[in-house]
Amino acid sequence: VFPSLAQAQASVANEVYQELGQPSVFLFCPTEYCSSLCSPSPSQSCYLQTIGQELLPGIGVVWTGPKVVSQELSAVLLEEVEGVLQRRPVIWDNLYANDYDCRRVFLGPYMGRAPGLMPRLHGLLLNPNCELQANFIPIHTLGTWFRSELESCAHPDRAGMEMAAALGDSQGPRTGSYSPQEALELALRDWVVEINQQALEPGR
């Protein structure tokens, strides 16, 4: 019936979206959901070009970054993805996902995300560790990063400078910007308080 997979997916997604009354949050996961799955690149992918053209503008599109599990996200990449999808992507962040190797647990701070990304995003979803309690540091440091991004948006001149600097060392501490090490220390302090409170509960 359809000349391509992309047109079939867009048609079905559009129909479901309209049948549901065009909800404010409706997410579509493309078959090519990261750069490594695109041929030859996100901006030159016929599949993504069709999705961008055919998918109704109110539908959000999720994207994981350069890879399925992306160590870094840059404003340059997100600008390319926004251009081909004709909308800002919703980042589906697999930084802490361990469902592919449950012998590992990821406890480090949220990092590798260039400053000034907020204006390039329609949203961000964090795919956590499978173990509930192990996600305290990931979620806590994500919150610190988010507050830092909000502050940068309130000071656009600084955000612009940070975005330019992001092409260099995106993880090094800068005055007034997000520091993964400081975020980790804050999370650890709060986690110790949380653990001590749970230890005092009856039956613990």
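I started with helix 1 (residues 5-19) and helix 2 (residues 46-54), which pack at an angle of about 30° with their axes 9 Å apart. Axes here are lines fitted to C-alpha atoms, for helices over the stretch in contact, and angles run from 0 to 180 degrees between N-to-C directions. Helices are DSSP runs (H or I, at least four residues), numbered from the N terminus. So helix 1 is roughly parallel to helix 2 (under 35 degrees; over 145 is roughly antiparallel, 65 to 115 roughly perpendicular, the rest oblique).

Before going on, I noted that this is a predicted model, where local features need pLDDT of at least 70, side-chain atom pairs count only at pLDDT 80 or more, and totals for chains, interfaces and linings use all residues. Residues are numbered from 1 along each chain as its sequence is written, and side-chain values use heavy atoms, with hydrogens and water left out.

Next I looked up who touches whom, with contact meaning heavy atoms within 4.5 Å. Helix 1 brings Leu5, Ala6, Gln7, Gln9, Ala10 and Asn14, and helix 2 answers with Tyr47, Thr50, Ile51 and Glu54.

Then I moved to helix 4 (residues 136-154) and helix 6 (residues 180-199): their axes come within 9 Å and cross at roughly 130°. That angle makes helix 4 oblique to helix 6.

For this pair I listed Phe136, Ile137, His140, Thr141 and Thr144 on helix 4. They meet Ala183, Leu184, Leu186, Ala187, Leu188, Asp190, Trp191 and Glu194 of helix 6.

Definitions and conventions
Helices (H or I, at least four residues) and strands (E, at least two) are DSSP runs, numbered from the N terminus.
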